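Here's a quick walk through one model, helix end by helix end and core by core. Have the viewer open as you read.

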Amino acid sequence: METKQILPLHTLRIERTRATLNRVFLLVHSLMLLALLYYRASWFFFFLTSHSHTWTFTLTWFLLLTSELTLSFIWLLGAAYRWRPVSRTAFPERLSDDSQLPGIDVFICTADPAKEPPLDVMNTVVSAMALDYPTEKLWVYLSDDGGADITLYAMRKAFSFAMVWLPFCRKYGVRTRSPNAYFSKEIEEDDGLIRRGEFCSEREKMKFMYEAFKEQVRSANEMGLIEDYKLREKAKADHAPLIEVIGQNGLEDHDKMPHLVYVRREKRPTHPHNFKAGALNVLLRVSSSLSNGSYILVLDCDMYSNDPASAKAAMCFHLDPTLSSSLAFVQFPQMFHNISPTDIYCGQFREVFKVWWYGSDGLNGPNLSGTCFYIKREALYGTAPGLDLPKDLIQRRQWFGHSNELLRTLRSDYKCNVENALQSNGLLQEAHLLASCNYEQGTKWGKQVGFCYDSVAEDYMTGFLLHCRGWNSVYYDPPRPQFLGSTPNNLNDCLVQYKRWSSGLLEVTFSRYCPLTYGIMSGHSILHTMCISYWAFLPLYSIFALCYATVPQLGLLNGISLYPEVSDPWFALFATVFISGSFQHLFEVLHTGGSFRMWWNELRIWMIRSVSSNFFGCLDIATRFIGVKRVDFGLTSKVTVEDKVDQYAKGVFDFRGAGLILVPVVTGSILNMAALIGGVGRVIVEGNYSALMLGDGSDDSVQSSAAMWGQPNPKNRSLPAIFFLSGSCAGVQQHSDASSAVLAIFFSGETRSPLLLSSPVTARSSDKDRSSFSPPVDQLVFFSGRSTSPIAALWFLHDDESSSAAIRTSFFFVLF
């Protein structure tokens, strides 16, 4: 008798061609970087032992060498993402019948109705309720940290609307189940697989009911449900716990409706609330007493479900016996519905979700990304895969607290009774206890149990510790986006968001959980540790980017040479590093569906963020270490402002509100402009234009300088400009290449595209003074007016020995 073959629930494909190309590139590029570092170090130690050079000159070279070593180290960490990229395919239709599926709890967090409009939050809630999953096994929890009555009122209205919206979606096979997204589309391509005569009339009726629902929420202000600013701020920081199961009265009449729960945890000014991680841990405890779903879907309040099949797709991995024992979570990409065609702020995180997460999935899996992931409840209880919780009741209380109901849910034989959860006042009272601000005192919540409190980047730290305990993860990126959110559409919100992430990452970097050391000591794989460590060290790039935005320019103004002449044979290495890194970044952009414009925008916004958001993130950590302040969560506004949306759609930078955070950018730009004008001024004042072309007038001075040093011709020993860090958008944007020593940004008017120029550089040689020779080359990038493409890039050389100036054109190019 033949045995029936069981089809796999998913497949994995290794991108072998891409992996091979990546590894070859990484090897070649690493060798070139080593050569450049050797050259910089050899000249630095020569200057260090030579008494003919001042301490200022030596310090300048030391700063550049330190920056190049650090940036090279960061690049090496990020190179691990490209070692073994893989892709996956899931087959939800192969799952067993719905009765065998485990329970799922959906966690959604909101904190301020002024920044996160209740109507948008309710669209996320309704879309989560409409997941294609057995309704009796689906519970949706909303955490309201703002303690706003408008949110509770909107939830009740949303539940009433969902009672008619969900049957409509199921009947006509609607896949876009966020009502706002569904009715906002001019052409609805997935109105349903079923087409009946009554569909159009039903759709219009449903649209009318949705408009009525929106009006009810918007009119809450007239009902006195929206407090003024002072009352709202007080309520956010000081309120009692409140838990309500929406629509529980008469639920028997609500056939095929998931359960909806409103959770307002207790907050007092005297107790730390631990931001989003604290809210998630309260939901974790409260849900354990009500539904105790085996798996948890975490969503941001603006990240609605765009495909109801995501739950079953995640179960294809969680229920696979070859993976399930050690699989902690399935991560879906974050994608956004309001991305403009130009995407000047690079809000779609192309490199993260189209390159890095594919690569980390080929190792031990991606890290948590804050939202859009299905995580196993057991993995959040602080144990390694396959290990049981402590048997001793006292020890369990030390871990999880004194709630008997919570401890009862930890038993392996525990089965949740939904009817008891809805009808028992005792369970609701216990849930209020679990949501109190005193419950976690003396326990391991936020340390070993639940989401971690040691960083505002709770997702990053929690995911890292899960991997260190032996858990794995999976990244799944299906053709249709499973979730869609909203990305900031102005520069200030974008930079504030990145500043918060930078602060959170650095909190982990400078803690005892530093990924590079803690990961290796935990027995974690080296390559995967490198991937996670890349994020932790990435904000430090800002310090060295600012170094390159100031040191070469000050050296130029003071006549200190730092970089080699263009005619130097070593310049070929510069060019090769720059071209290879730029090509690799451009190839990845085009390969992942991007364009030349996207490539350029990534270069631009990377530098802006590096010297602004990341820099202030470093300052946050520095002030925390000296006891000045605690890192703030910095909630990003989700409010839609029409004029900002219009500017973003046109590709025009919106600088409103981004004053202080842009100070380093503007300061560096002014310094670069001063250096450029000062160098060009020398050429104009001295009036010597005889050496415009390469090869005139500098060879003798080069040879005399080499002879004085007792070294080989510096044309054969010239030191590279900033070495290129390739392998990502960070690579090109870090601009450690043969033709650029520093990148700075200058804004003027309504920016559209950058104009590329290079600043003058100085090379000195004298028979009387054994001064240095290493002609510097500094590239300046600034934005001017409505320039639409970068133009000429020039090299300048000033020769003091002949008391003449020369502008030497080394290359000229135009990009469109």
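This is a predicted model: local features need pLDDT of at least 70, side-chain atom pairs count only at pLDDT 80 or more; totals for chains, interfaces and linings use all residues.

## Around helix H11

At the start of H11, the backbone nitrogen of Ile-394 has a side-chain oxygen of Asp-392 within 3.2 Å. H11 itself covers residues 393-400; helices here are DSSP runs of H or I with at least four residues, strands are runs of E with at least two, and numbering goes from the N terminus.

Residues are numbered from 1 along each chain as its sequence is written, and side-chain values use heavy atoms, with hydrogens and water left out.

Which residues of H11 are buried? They are Arg-396, Trp-399 and Phe-400, where buried means under 20% relative accessible area, exposed over 50% and partly exposed in between (1.4 Å probe, protein chains only). Looking down the axis of H11, the buried residues fall within an arc of 75 degrees, so they line one face of the helix; the arc is taken over directions from the helix axis to the C-beta atoms. Helix H12 (404-409) is among the things covering them, contact being heavy atoms within 4.5 Å.

## The nonpolar cores

The largest nonpolar core has 137 residues, and Val-106 and Trp-165 have the most contacts inside it. A core here is a set of buried Ala, Val, Leu, Ile, Met, Phe, Trp, Tyr and Cys residues joined through side-chain atoms within 4.5 Å. Helix H4 (residues 149-172) supplies the largest share of this core, 12 residues. There's also a second, separate core of 43 residues, including Phe-329 and Phe-373.

Val-106 sits in strand S3 (residues 104-110) and, at 0% relative accessibility, counts as buried. Val-298 is 192 residues away from Val-106 in sequence, yet their C-alpha atoms are 6.0 Å apart.

## A strand pair and a loop

S1 (residues 10-14) and S2 pair antiparallel over 5 bridges, with at least two DSSP bridges needed to call a pair. Arg-13 stands opposite Ser-87 in S2. Of the 5 residues in S2 (residues 86-90), 4 are buried, so this strand is largely enclosed by the rest of the structure.

Thr-176 lies in the loop between H4 and helix H5 (179-184), and counts as buried at 0% relative accessibility.

Notes:
A polar contact is a pair of N or O atoms within 3.5 Å; within protein, one must be able to donate a hydrogen and the other to accept it, and residues adjacent in sequence count only if both atoms are side-chain atoms.
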